[in-house]
Amino acid sequence: MTLLETRSLTVHFSVKRGLTRRSADVVHAVDDVDLAIEAGQTLALVGESGSGKTTVAHAMLGLVKPTAGQVLYRGVDITRQGGKQRRGMARELQVVFQDPYSSLDPRMTVRDIIAEPLRVHERWKTQQLNDRIAQLLEMVGLGTQHLWRRPHEFSGGQCQRIAIARALAVEPRVIVLDEPTSSLDVSVQARVLTLLEDLQQRLDLAFLFIAHDLAVVASVADAVAVMYLGRIVEIGLAAAVLSHPLHPYAEALTASVPRPDPEERCTRAPLAGDVPSAIDPPSGCRFHPRCVCRTDLCSTEQPLLREMDGRLVACHTPGYAADIAPADLSASNQTTQHDAPGRPAGRRAAGVESPSRSAPARRASRP
Amino acid sequence: MAKLLDIRGLKLEFRSYRGVVKALDGVDLAVAPAEILGLVGESGCGKTITGMAVLGLLAKPQAQVTSGEILFKGDDLLKKSEGEMRALRGREISMVFQDPLASLNPVFTVGDQIARVIREHKGVSRSEALEATRSALSATGLPDHGGLLGSYPHQLSGGMRQRVCMAMAISCDSHLLIADEPTTALDVTIQMQILRLLIGLRDDRGVAQLLVTHNLGVAAQTCDQIAVMYAGQVVEQGPTIEVIKRPYHPYTTALYGCLPQGKLAADLSTIPGSVPDLIDPPAGCRFHPRCTHVQAECAAQKPALIDVGPGHQVACHWVGRLGVVPGERMHA
């Protein structure tokens, strides 16, 4: 069952410019995004910084107002709700942020931090409140001896557990996890991931899991959406998207994860350049200036999400990046290629032509 | 081969109001010329402190080296005066930090900052320094188009800033680069670009590197040698492939088990307990309270590094007692 979904979600921010602050630039943070979070499932949102992941999450939580499109919780548009109904929805949608030290009030005790959402939503007697807080602490692997301490007395992993306990306090159905483990050590990350998995099973929670670490995503996600510059470029089941990405960006992203195996050293050239500015995004496919298999069409026409191999892909030439990506470039060659996406070097230019020529043959050979 | 950097039995303490923090407890490390040594471990294990100690960047009254030596090209850096260290920093040994925005000066242009390092060390003219700046920037993959030299750090992307920091580090042809988590603040795609650059510096310019990272993937992809640190001690070191493919120390194995590499979250193994407080560290092997193979002697005596393979050393009583055959993998 779909709990939370977005329909053509678009969020633009205007940035005032110049001395007089009269003219404004528009940041295209999120454009036309459709996502659906199913009950008890984890949807992961991945992409580089500046791709709009967090803005999508904020819009889904009702923290930013969409420029266009809808955010529906159980079919009701949350952006149009006010007062009591909005509060009822806030109860079901909770969030855990990336940096536990800045998302917990340093002057509040653990007890106050966890009690705060309960005080907003419930009118409980002290005894009932204490019981619930003790239960929540136990759920996240802490104890009542921690009740009267403040956030600075805890390690990053423990703080993240407190933030999770706070999110769980009002029995939400959906929890948005915005990079919940990226500020943690691997050993602590493993424990937080196991905890989240366990809580999801026990409490039938749905997660929107925002991350840039694809190895983490692979271990928790049921479905994955890959974003680039405010648009979804590929979305589908985690197993399919992460093991056989079809969009060249998704492919580059999965290939960029450094594998902890010295016998499998990555030899392909890294994705060149940086994410362009969202103020003036590239025409056509927003990824085309960095893409290894771009064609003329890519710079003029924006590809729409189409179904292919059991997932949706927005690409004019999906599925060839892995074959085309220039491999085995030594670092010295790579440096000359960097930052010159407009003038590709010889090898890459040769690669660019091949998808259009050999596309039908290759497509036929795909399983 | 003669070692470029040879740290022997380095013990370092911090005086804090709570007591003495025993941050490094007998660290032995060596970096050969044109070699990348990866220093891996959890936060607080002393990786960064080791790098800062080499450059003499730790605040003096609080940080005290109680024993050991840091030999660079045979000279003990700990015996050098502040003036001699100043001449060395940026010239012979340079450092790249985790957050490039915090390590660049926001009120000077990129060109000014790099040229200043060159003028300071080489005493060349302004125009010569700018020329050297251009070549350093292009060596890190930033050709000077569109006035990069005249731009300020905030105008650049994260990846470009880190390249600027690296250009500054190599501008005087340093022999040793200490890179402290150089890619942690960057996206994976940019991380890969920077790692390629580090490998390129080793291969093309012969720059030896001490790469501090908590990411075993980064270490596996980039380093020639790996040293695993835990609570101020080196617990295992050796060639990358040996340490990652055939780890002996229970901590290395446990750390590797925490990686979500192709595993479901429910199947991830974890390390019980937490990193100890170094004011009152556990006696003997500092890992023993969290170790699955703990024995009586572990709490009594600090294990010495023993050879388990060619260039592969482990500090563990349990491994020592087992009398392992070098090269044979013990852990599934």
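**Exercise 1.** In this predicted model, identify the bridge partner of Met308(A) in S12(A), and state which way the two strands concerned run.

*Solution.* The bridge partner of Met308(A) is Arg311(A). Turning to the strands, S11(A) and strand S12 (residues 311–313) of chain A are joined by three bridges. The two run antiparallel.

**Exercise 2.** Give the strand order of the open sheet of eight strands in chain A, and explain why one side of S6 and of S11 of chain A is left without a neighbour.

*Solution.* First, the order is S6-S7-S8-S3-S9-S10-S12-S11 (chain A), and the pairing is mixed. Next, strand S6 (93–96) and strand S11 (306–308) of chain A stand at the edges of the sheet. Each has a single partner strand, so one side of each has no neighbour in the sheet. From one strand to the next, the twist averages 20°.

**Exercise 3.** Describe the open sheet of four strands in chain A, and state which helix lies across S1, S2 and S4 of chain A.

*Solution.* The order in this sheet is S2-S1-S4-S5 (chain A), with antiparallel pairing. S2 and strand S5 (76–77) of chain A are at the edges; each has a single partner strand, so one side of each lacks a neighbour in the sheet. Within the sheet, strand S1 (residues 2–16) and strand S4 (residues 68–73) of chain A pair over five bridges. Thr6(A) stands opposite Val71(A) in S4(A).

**Exercise 4.** Determine which element gives the largest share of the side of domain 1 of chain A that touches domain 2 of chain A.

*Solution.* The domain assignment of chain A gives domain 1 (2–221) and domain 2 (245–365). Their contact takes eleven residues from domain 1 and seven residues from domain 2 of chain A. On the domain 1 side, strand S2 (24–38) and helix H8 (214–220) of chain A give two or more residues. The largest share, five residues, comes from S2(A). By class, this side has six nonpolar, three polar and two charged residues.

**Exercise 5.** State which helix gives the most to the side of chain B that touches chain A.

*Solution.* The contact takes 45 residues from chain B and 40 residues from chain A. Helices H7 (188–205), H8 (216–222), H9 (240–245) and H10 (250–257) of chain B each supply at least two residues of the chain B side. H7(B) gives the most, with twelve residues. The classes on this side are 21 nonpolar, 18 polar and six charged residues.

Definitions and conventions:
Residues numbered from 1 in each chain as written. Chains lettered and ligands numbered in written order. Predicted model: local features only at pLDDT ≥ 70, side-chain atom pairs only at ≥ 80, totals over all residues. Domains from an automatic or database assignment. Contact = placed C-beta atoms within 7 Å. Nonpolar A, V, L, I, M, F, W, Y, C, P; charged D, E, K, R; others polar. Pairing = 2+ DSSP bridges. Axes fitted to C-alpha atoms, helices over the stretch in contact; angles between N-to-C directions.
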